[in-house]
Amino acid sequence: MSTATAVIEDQGTTNALGYHSFSAGKYRFERDEYFAHIYYPGGRHLMHIEAFLRALMRDVGWGFFYGTVNFDDVLGTLNHYGTVDLFVGLLNQAYKSNNRHYVETFNSKDLKKVFEAMLDDWTNEGFDPYAAPDETGNPYGPKHGNNTKALKRERIVAKRMVGLPGDLPIRTDAAGQPVNRQFLDVPQDAPEVHAEPGFEGEVHAFNMFGYTSRSDVTWNPSVVSNVKDSQICATTEEHMLPIFHGNDRVEWFIQICDEIVWEIADGKTGAPRAKVVMRAGDVAAMPADIRHKGYSPKRSILIVWENNDGTLPQRYSSGQLKPYPVEF
Ligand code: PHB
Ligand code: FE
């Protein structure tokens, strides 16, 4: 496998629609009014521009995430935490068995720079790739304006827990974080904390449902509490997860309200494995050898529980750990 460098090309020139092209190693990316075109040695791939930008936003915003970010059945990135593979067909049975797949490895920092520049150039004014489709404009047409502000949102990560001194603040109307239109029935009161004498500085609570109901983004988990490697990530979901996530470790989902339907497929081949319907109160452990994509007909709240232990990918891929956490 080669290690390629990523370069941001053609800074001066644009196509007739006003978009720049970008390259990374032997890949070349172009956009037109409706599609992203991905050229690579041996072929050419195409994606609907809205799907492409929504997936690219997650890949950039999450620093290539845990394991695999599949933009669709063909194109994706595989995180090696420092380096990253950009692949076509690597995790697609038909491409792989016919030897039509293509992979290049990059320094994560280099590829991220190219992806950030491409996302910024290809996102027009009025389109926010983190927003629900009903809360944003469309991404089509010739280049017009930009939405750099929306793209620069940092992934929100609590050091210990939301609301602690020196940590992430509680969200409020005054700070410009109103309750979302779909969550007007979510109680906004705060829990009362009555600590035993002597423990006043050691007990904390906040209204996580109220906090999450004020999120203006979808399918973008933010860490609300962090204890060693245990990360509780809360997120609001509406429409569909723009990627098919292939994790390199077990990941737990807790459905807080409403309903998400998960499509589960084999992590390596993409062969369908299951449909999981999660309703309020349901808990599921997503195994380490699958990929998953969620569909949320109405805006819902989901907790994703991640294990940040960096030794896990190797322990799962070597077979030392089983891909699922419990046996019944
Ligand atoms: C996931 O891939 O597990 C995931 C990603 C984003 C979400 C929820 C789940 O908002
Ligand atoms: Fe996942």
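User: Which protein atoms are donors of the iron ion (ligand 2)?

Analyst: The protein donors are His-245 (ND1), Glu-251 (OE) and His-292 (NE2), lying 2.1 Å from the iron ion. Donors are N, O and S atoms within 2.8 Å of the metal (3.2 Å for Na, K and Ca), and water is not among the atoms, so sites may look incomplete. This is a predicted model, where local features need pLDDT of at least 70, side-chain atom pairs count only at pLDDT 80 or more, and totals for chains, interfaces and linings use all residues. Residues are numbered from 1 along each chain as its sequence is written, chains are lettered from A and ligands numbered from 1 in the order in which they are written, and side-chain values use heavy atoms, with hydrogens and water left out.

User: How are the donor residues spaced in sequence?

Analyst: The spacing for the iron ion (ligand 2) is H-x5-E-x40-H.

User: Are His-245 and Glu-251 buried or exposed?

Analyst: His-245 and Glu-251 are both buried. Buried means under 20% relative accessible area, exposed over 50%, and partly exposed in between (1.4 Å probe, protein chains only).

User: Now ligand 1. Which residues come nearest?

Analyst: Trp-219, Glu-237, His-245, Glu-251 and His-292 come nearest, out of 15 residues around ligand 1. A residue is near a molecule or strand if one of its heavy atoms lies within 4 Å of it.

User: Which polar side-chain atoms lie by an oxygen atom of ligand 1?

Analyst: One belongs to Glu-237, 2.6 Å from an oxygen atom of ligand 1. Another belongs to Glu-251, at 3.0 Å from an oxygen atom of the ligand. There is also Thr-235, with a side-chain N or O atom 3.3 Å from an oxygen atom of ligand 1.

User: How much of ligand 1 does the protein cover?

Analyst: The protein covers 100% of the 280 Å² of accessible area that ligand 1 has on its own. Accessible areas come from the Shrake-Rupley method with a 1.4 Å probe; for residues, only the protein chains shown count as cover.

User: Switching to rings. How many aromatic pairs are there?

Analyst: The structure holds 17 aromatic pairs. Phe-65 and Tyr-66 form a tilted one, with 5.8 Å centre to centre and 40° between the planes. Rings of Phe, Tyr and Trp (its six-membered ring) pair if their centres lie within 6.5 Å; planes under 30 degrees apart count as stacked, over 60 as edge-to-face and the rest as tilted. Phe-65 and Tyr-66 are both buried.

User: Why is the pair of Trp-219 and Trp-262 edge-to-face?

Analyst: Because the planes of Trp-219 and Trp-262 are at 90°, with the ring centres 6.2 Å apart. This pair links distant parts of the chain: Trp-219 is in the loop between α5 (208-213) and β11 (222-227), while Trp-262 is in strand β15 (residues 259-266), 43 residues apart. Helices (H or I, at least four residues) and strands (E, at least two) are DSSP runs, numbered from the N terminus. Trp-219 and Trp-262 are buried.

User: Which residues form one aromatic cluster?

Analyst: The members are Phe-22, Tyr-27, Phe-29, Tyr-40, Phe-52, Phe-64, Phe-71, Tyr-102, Phe-115 and Trp-122.

User: What sits over the ring of Tyr-211?

Analyst: The charged end of Arg-171, 3.9 Å from the ring centre. A charge sits over a ring if NZ of Lys or CZ of Arg is within 6 Å of the ring centre and within 35 degrees of the ring normal.

User: Next, Arg-299. Where is Arg-299 found?

Analyst: Arg-299 is in strand β18 (residues 290-307). Its relative accessibility is 0%, so Arg-299 counts as buried.

User: What does the side chain of Arg-299 make a polar contact with?

Analyst: The side chain of Glu-238, at 2.9 Å. The Arg-299 side chain also reaches the backbone oxygen of Ser-215 at 3.2 Å. A polar contact is a pair of N or O atoms within 3.5 Å; within protein, one must be able to donate a hydrogen and the other to accept it, and residues adjacent in sequence count only if both atoms are side-chain atoms.

User: Last topic, backbone angles. What is phi of Lys-228 near?

Analyst: Phi of Lys-228 is near 50°, a positive value in a residue other than glycine. Most residues other than glycine have a negative phi. Lys-228 is in the loop between β11 and β12 (230-240), and counts as exposed at 79% relative accessibility.

User: And what about phi of His-239?

Analyst: Phi of His-239 is near 70°, also positive. His-239 is in strand β12 and counts as partly exposed at 37% relative accessibility.
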